[in-house]
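Thank you for coming, everyone; please have a look at the model on the screen while I go through a few parts of it. I will begin with the ligand and then move on to some residues and elements of the protein.

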Amino acid sequence: MKTVFVVGAGPAGMFAARKIALAGHNAVLFNRDVKPGGLAEYGIYPLKDKMKFGLRKQFDQVLALPNVYYFGNVKIGNGYDLTIADLDALHPSAILYTSGAQGAHSLGLPGENSRGVYAAKDFVYNYNQLPPYTAQDFSTGRRVAIIGIGNVAIDIARWLLQNSPSRTTEEVTIIARRGPLEIKFDKKEIAYVERHIAPSVLAAELTRIKDRCARANQDVSAAAIFGEHFPMLMESDFTPIPPRLSFRFLSSPSAVIPGPDGRIAQLEVADNDLVLRSDGSTKPVANGQKTLLDIDTLIFAIGDKHDEALGLPMGPSGYSTLIDPDHPDQPVFQVWDPVNACPLPGRFVAGWARLASTGLVGIARHDGELGAEQTIHYLETQAEGDTPGPDAILAALKARGLQPVTKPDLALLAKAERQEAEKRHLNYFKYSDNASMFAAIERERAHFSQAGDSAKLQPVSFDN
Ligand SMILES: Cc1cc2nc3c(=O)[nH]c(=O)nc-3n(C[C@H](O)[C@H](O)[C@H](O)COP(=O)(O)OP(=O)(O)OC[C@H]3O[C@@H](n4cnc5c(N)ncnc54)[C@H](O)[C@@H]3O)c2cc1C
């Protein structure tokens with residue numbers, strides 16, 4: 001049997017591991033978080049229960065495969081728990097990187113480091129209870145601006161308008177550098193928050209930008225835009241509810257102005273004109289007009305980028321991958337070393353690690369599976385490897401002072417969380433810090449040992 005290391009256990013990594021295991025190889029997952037799931041667990045909106053439960057069940061089924069192994073709480077990269085060189089030294093037959101896009105784009109604005117300014121993913125990790133983000137300050141005020149106009153921006157608006165237990169929100173303003181024709185959010189997502197929009201306020205904003213949009217051949221009349229994106233606002237009995245959700249189009253943030261307490265107090269935005277390109281797309285161009293908005297919380301929801309510290313070679317838009325000159329549009333998963341101008345044999349990337357912030361879970365799953373197929377294809381050209389078994393890997397991780405979480409540990413944690421949910425009369429409960437998770441695992445382990453079941457909790461060996 002050959003052994004593939006899979007870095008990351010989000011949807012791409014989990015479904016890739018499944019495919020690799022079902023092809024008869026060992027799949028060893030190394031995951032930064034204690035639990036698997038990535039953004040499926042810690043990004044998808046907390047109230048999307050059905051989707052989250054369904055995905056957790058599928059991830060459990062992957063972990064139930066005997067030749068899938070799991071080491072959680074192990075972060076790969078330079079300055080992290082293990083480097084890529086450390087992984088290479090264990091001689092896996094191949095490595096598939098599915099560690100997502102963990103960096104956040106920033107605009108490099110003056111004052112951007114003020115308190116109350118957050119990257120969307122970090123903010124979402126916080127309300128989805130991912131350690132260590134749960135323990136960090138993501139306090140929000142009364143007037144929140146979100147930069148970006150996709151589904152993530154709408155998720156965050158929903159949280160601030162409806163579900164955050166500590167919410168003090170009076171108004172959320174979504175700021176977009178282009179016009180409403182470039183709205184990226186889905187109808188299903190905006191429907192959750194549409195009743196917070198005052199039709200007269202949105203209509204006034206559309207009037208404010210209409211001439212500039214018309215110069216780029218865009219009709220942004222209320223009839224056109226409400227009909228396309230905000231159908232609820234056209235219902236005769238529609239009455240908006242507080243807190244308010246508003247939009248500001250053709251505006252790019254240009255500076256964050258902190259108050260005396262160091263927290264953002266104002267956001268300066270530059271107004272844009274829209275320039276029509278020959279291919280029909282538009283380009284926002286600052287027209288010199290600037291406005292100050294009173295804002296006490298600012299969230300950037302403008303997409304994610306790859307974490308350079310992982311240590312893979314970087315290309316123009318993330319980790320560098322081989323491009324097939326004959327099929328430049330087809331996805332390629334093999335890592336390309338641009339310095340030495342050669343592919344890295346047996347090294348692949350998939351999911352958001354390949355294309356940041358691209359698509360829903362189904363797309364990430366598909367990408368992970370395609371990456372796994374290419375990995376499996378590569379394995380066919382390779383002799384049997386000499387990768388140490390999981391018990392030896394576990395011992396090596398522990399010898400480095402790490403606290404890896406294994407499949408039996410996850411089972412114990414799941415049991416403890418189920419019990420806690422029952423006690424609290426909740427559908428689901430999850431611990432929001434690593435110390436509580438480890439304490440729960442140890443409590444359950446002690447309980448199992450007393451019941452004489454400890455044999456079930458031993459690490460196992462590869463049968464190669
Ligand atoms: C706010 C938000 C809401 C979303 N809502 C929906 C939705 O409602 N429906 C839907 O279908 N999709 C939704 N998505 C998209 C979906 O979450 C992604 O498509 C999917 O999770 C991407 O999968 P992935 O495995 O490529 O990356 P991720 O899910 O990001 O997984 C990356 C994995 O890598 C691990 N990792 C990271 N760095 C390292 C490292 N250095 N070493 C080891 N492990 C590492 C992480 O712990 C994680 O397990 C949402 C995304 C966001 C951001």
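Predicted model: local features only at pLDDT ≥ 70, side-chain atom pairs only at ≥ 80, totals over all residues.

When I speak of a polar contact, I mean a pair of N or O atoms within 3.5 Å, and within protein one of them must be able to donate a hydrogen and the other to accept it, while residues adjacent in sequence count only if both atoms are side-chain atoms. With that in mind, a backbone N or O atom of Gly 359 lies 2.9 Å from an oxygen atom of the ligand. The protein covers 95% of the 1000 Å² of accessible area that the ligand has on its own, where accessible areas come from the Shrake-Rupley method with a 1.4 Å probe and, for residues, only the protein chains shown count as cover.

Residues are numbered from 1 along each chain as its sequence is written, and side-chain values use heavy atoms, with hydrogens and water left out.

How many residues surround the ligand? There are 33, and the closest are Asn 31, Asp 33, Lys 48, Ile 76 and Trp 352, where near means that a heavy atom of the residue lies within 4 Å. By class, this shell has 17 nonpolar, 11 polar and 5 charged residues. Several elements supply at least two residues of the shell each, among them α1 (11–22), α6 (151–163) and α10 (361–379); helices here are DSSP runs of H or I with at least four residues, strands are runs of E with at least two, and both are numbered from the N terminus.

Let us stay with α6, of which 10 of the 13 residues are buried, so it is largely enclosed by the rest of the structure. Buried means under 20% relative accessible area, exposed means over 50%, and partly exposed lies in between, using a 1.4 Å probe and protein chains only. The buried residues of α6 include Asp 155, Arg 158 and Trp 159, and the elements that the buried residues pack against include α5 (120–127), β7 (143–147) and β13 (297–300).

Next comes His 306, which is found in the loop between β14 (304–305) and β15 (314–315). Is His 306 buried or exposed? His 306 counts as buried because its relative accessibility is 6%. Its side chain reaches the backbone oxygen of Ala 353 at 2.8 Å, and, leaving aside neighbours within four places in sequence, the contacts of His 306 (heavy atoms within 4.5 Å) include Trp 352, Ala 353 and Arg 354.

Phe 59 lies in helix α3 (residues 49–63) and, at 4% relative accessibility, counts as buried. Not counting residues up to four places away in sequence, Phe 59 touches Pro 11, Met 14, Phe 15, Gly 37 and Ala 40. Glu 369, in helix α10, is buried with a relative accessible area of 16%, and, with the neighbours within four places in sequence left aside, Glu 369 is in contact with Phe 15 and Lys 19.

Note on methods:
Nonpolar A, V, L, I, M, F, W, Y, C, P; charged D, E, K, R; others polar.
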